Amino acid sequence: MNIRAHVSVVFHLDKCIGCHTCSVACKNIWTDREGSEYMWWNNVETKPGTGFPTQWEDQENYKGGWVLENDELKLKCQKSKLQGLLNLFYNPNMPGLEDYYEPWTYKYEDLFNAGPSDDQPTAVPISKITGEQINIESGPNWDDDLGGSNLYAKNDPNLENLSQEEKDLMLEIENIAMMYLPRICNHCANPSCVAACPSGAIYKRGEDGIVLINQDKCKGWRACISACPYKKIYYNWKTGKSEKCILCYPRLETGQPPACFHACVGRIRYLGVLLYDADRMPEAMKVADHSLVESQRSIFLDPHDPKIIEAAKANGISDEFIDAAQNSPVYKYVVEWKLALPLHIEYRTSPMLFYVPPLLPVMGKMDNGIYEHAKEAFFTSIEKARFSTKYLAGLLSAGNEEIITSVLKKLLAVRYFKRSEQLHDIDKGAVEAIMREANLTEKEAEEIYQMTSMPTVYERFVLPPLQREEAIETKLDPEVCKGCTGCGELNTPKRGL
Amino acid sequence: MHDYFLFIGLPYVALFSLIAGTVYRFNSKKFSISSLSSQFLEKEKLLWGSVPWHIGIITILGGHIVAFTMPSFLQALVSNVKILYTFEALGLTFALFAFCGLIILFVRRLRNARIQAVTSNMDLVILSLLTIQILLGILIASLYRWGASWSTHTLAPYIQSIFSFRPDITYITNMPFVVKAHIAVAWLIILLIPFSRLIHVFALPLEYLFRLPQIVVWNSRRQEESVITAQIESESRRFFLKAAFGITSGLILFITGIADKIIPFFRGPELSKGEKGELLKQKLQKMKATIKQKELETERLTKDFIYISDLKNLKTDEGIYFIDYQMKPALAFKGDNGLPILYSAKCTHLGCTVTNKVKEGALLCPCHVSHFNIKTGDVIDGPAPKPLPKVKHILMDANNHIVVNIDKSKLDEYKVYIVKGENT
Ligand code: HEM
Ligand code: SF4
Ligand code: FES
């Protein structure tokens, strides 16, 4: 057993209001430089929808992630390392600018410099790359809130597995439903970007599992761009280097949650430590699609088990980290309650960001042209939920509908339980039956409710101490290692000739 | 005069710049090293430009490197006319391939607004130089055919003279202008490599072939150590084998390359049939000599007397060489009294063999000019410290009886034998 700690994340989709505050917080800190304008390390997509970059889930096109071949995990974009080297000259599976959008600004000075005229002066959009006037044809969140859904939502790659009937139902105007899917880098436990990088510039930090790109080592070979199935590595066209979400490690190292977490209005984000057995990776990702969620869960270790604690300590994990793991909201959501699921685990990267699926209850329906509260049940039954479990299963459980159903049942049971407890308008016996079916105890239901609706900031973000300076500098000889720790040598990140 | 500048001065400036500049950039300006890919901004033309360009140029450069590092090997290959034709045709094809790709890349860079946004002046300089260079190359290939052959004894020695720090431009001073220009532009491009995007050639990530799929970096050394031990055991053995295989095959290639140069150096030039026969003959003679020596040795081990010569054959002014019981050369003379004189021919100074001609009553050791008295063996002059030792001998008569009382009249019948024992 080789125990490692991993800073991991849960997003509670029922709570996301799609306000993009997270995206903007991230953009303002990290990606407002030339060359990175188009990057959204954090973005919020509307589902059904094509996402960003468009149709990123279409791996036949982009060839991201791993595929299982004869019990071996192979990168989908390079069946052999030699192919990886041959793709250096031209990467056949890489999204281009048109799959994102051309970043633009407006010619604001026209507003001030316009002479007297009969018309209002306008500020025309100009490209942030060429400086020329452009027609804006796409942008970030172009299909936000199902805008232009006939054009965009119907191209959602996740709809492919659905029958025509189910598709029609989802896109029919009266039935149309949507959910938000905020995405950052998953800091996968079996990252394909790391494996694909020819220069070996991408790495996982041992202490916390954060996936980073060494900007000095990156040579702009672009293999990671297609290898990451989530398209969460972006190519900086100005510096010729790849960039990605860094889970705000400088903030984590000073005891603050990442900017998107901190800014999140819906408070949907949880951050905590998971202990896992690194020896079982990537073997755990070599099972059939429908068992992947279970298989991934099985590598997470119980931080309360004395044996695990001992083994963790033997591997150099500090008491504070183990403390954080014991109080981790992520452990509760993912392992104890089994509510949070990884996004598209069929790409087999073992993402360490988990989503609690949205319940999307039908609160009412049309009757004789009049919109009425649903009468038969307080909350909808899962069968009648607006999103078919099949669609959610395609997103969050590699097609295994049983997993989705059991999660939704639990979420529903918690609501019945709290409703009956606070308003006493649901029959106790019915609630008990529902709870039994969902395999939920009252204690658990109460805990889930507390963690979902009432958590304090310290319950949502249980940060382990990541004192990097201490970790490094106390062990190095200051004479030998001048300037090689901390910020290192400061070089302006300027594009080479 | 400008030949000296272009073909001796410039190359050394270029090589210095290449080495110093590349080392500096890889050490202190790492961030600036990148392929500077523009695929993100424009795909289609890049595909039709970059791929043929790189396939073409890498093959062509590979050919150049072979020609300059293993000219003898190449010469041997192209002495077969079919191979020469093939090389010539392939070279021209790949050059045209590269040229077309380069023109597409160049036009793309000049015409596409997005690509313009990431074009530096150095990019334009490099693209222009490369275009000129390839054009010159194609001109040479079409005007002065069979370059694969003539370059091996003109350009290759020139390049090698540069790299062995014994620059010699006589090989190329009489070359046509196009060839000279091609060489000069090549040095110019090499000079600019560290200051341009061409640095990406040295970033070729071959180590990728041998590394583990996952990379973990630790801030804490202590934690790293405990984890690494676990990891090495589980995963890396397979990759170690792969890496070992890769390194070995690399080494083998490298060694073959070096051996191609070194072996002929030690072995000397390839031998003709006659010379080979000569060599065989020499070997045979040496073997015969060895056999002879062994025979002599056994004879000396088994016999108490060994026949040297008939007394009548010995001369006073010229000795007969023979091998004494110490397996060292010795000399036999006839003295003025008609009796034999036998000396060890091993000089008492440093062991050279003394000559057998008697001049002015003395024997000469040719090594450091010691003279020995022929009558007594004493040193007349020279560095030898002691007289030549005398070899013990006896005479036998015609009936093979040891002669005890010498009968002066029968001297001609006597035979000289040496006797087992030390020389005195
Ligand atoms: C060693 C193997 C090589 C690799 C892996 C390699 C890779 C690359 C890559 C990835 C690009 C960027 C293409 C893009 O825009 O996406 C590039 C561009 C370029 N390479 Fe190479 N290259 C190699 C060798 C060479 C050699 C030997 C030369 C010529 C001496 C060369 C000359 C160029 C030039 C001139 C460009 C710029 C093309 C443009 O204008 O966009 N490369 N190379
Ligand atoms: S989501 Fe992050 S860790 Fe996973 S493959 Fe993409 S960039 Fe790498
Ligand atoms: S060996 Fe005879 S003189 Fe030196």
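Me: What makes the meeting of the side chains of Lys43(B) and Asp99(A) a salt bridge?

Reply: In this predicted model, the side chains of Lys43(B) and Asp99(A) lie 4.0 Å apart, taken from N to O. The rule asks for a side-chain nitrogen of Lys or Arg within 4 Å of a carboxyl oxygen of Asp or Glu, and therefore the pair of Lys43(B) and Asp99(A) is called a salt bridge. Across the interface of chain B and chain A, the rule finds two salt bridges, and 29 residue pairs are in polar contact there.

Me: Which elements of chain B supply the side that touches chain A?

Reply: Helix 1, helix 2, helix 5, helix 6, strand 1 and helix 10 of chain B each supply at least two residues, and helix 10 gives the most, with eight residues. By class, this side of chain B has 28 nonpolar, 18 polar and 11 charged residues.

Me: Why are strand 8 of chain A and strand 1 of chain B said to pair?

Reply: Pairing requires at least two bridges, and strand 8 (residues 202-205) of chain A and strand 1 of chain B share two bridges in the parallel sense, so the two strands count as paired. In one of them, Arg205(A) has Val217(B) as its bridge partner.

Me: How much area is buried between chain B and chain A?

Reply: The area buried between the two chains is about 5500 Å², of which carbon and sulfur atoms give 58%. In chain B, Phe31(B), Phe40(B) and Tyr208(B) lose the most area to chain A, together 18% of what that side buries.

Terms used. Residues numbered from 1 in each chain as written. Chains lettered and ligands numbered in written order. Predicted model: local features only at pLDDT ≥ 70, side-chain atom pairs only at ≥ 80, totals over all residues. Heavy atoms only, no water. Buried area = accessible area lost by both parts, 1.4 Å probe. Polar contact = N/O pair within 3.5 Å; in protein donor to acceptor, adjacent residues only side chain to side chain. Helix = DSSP H or I, 4+ residues; strand = E, 2+ residues; numbered from the N terminus. Nonpolar A, V, L, I, M, F, W, Y, C, P; charged D, E, K, R; others polar.
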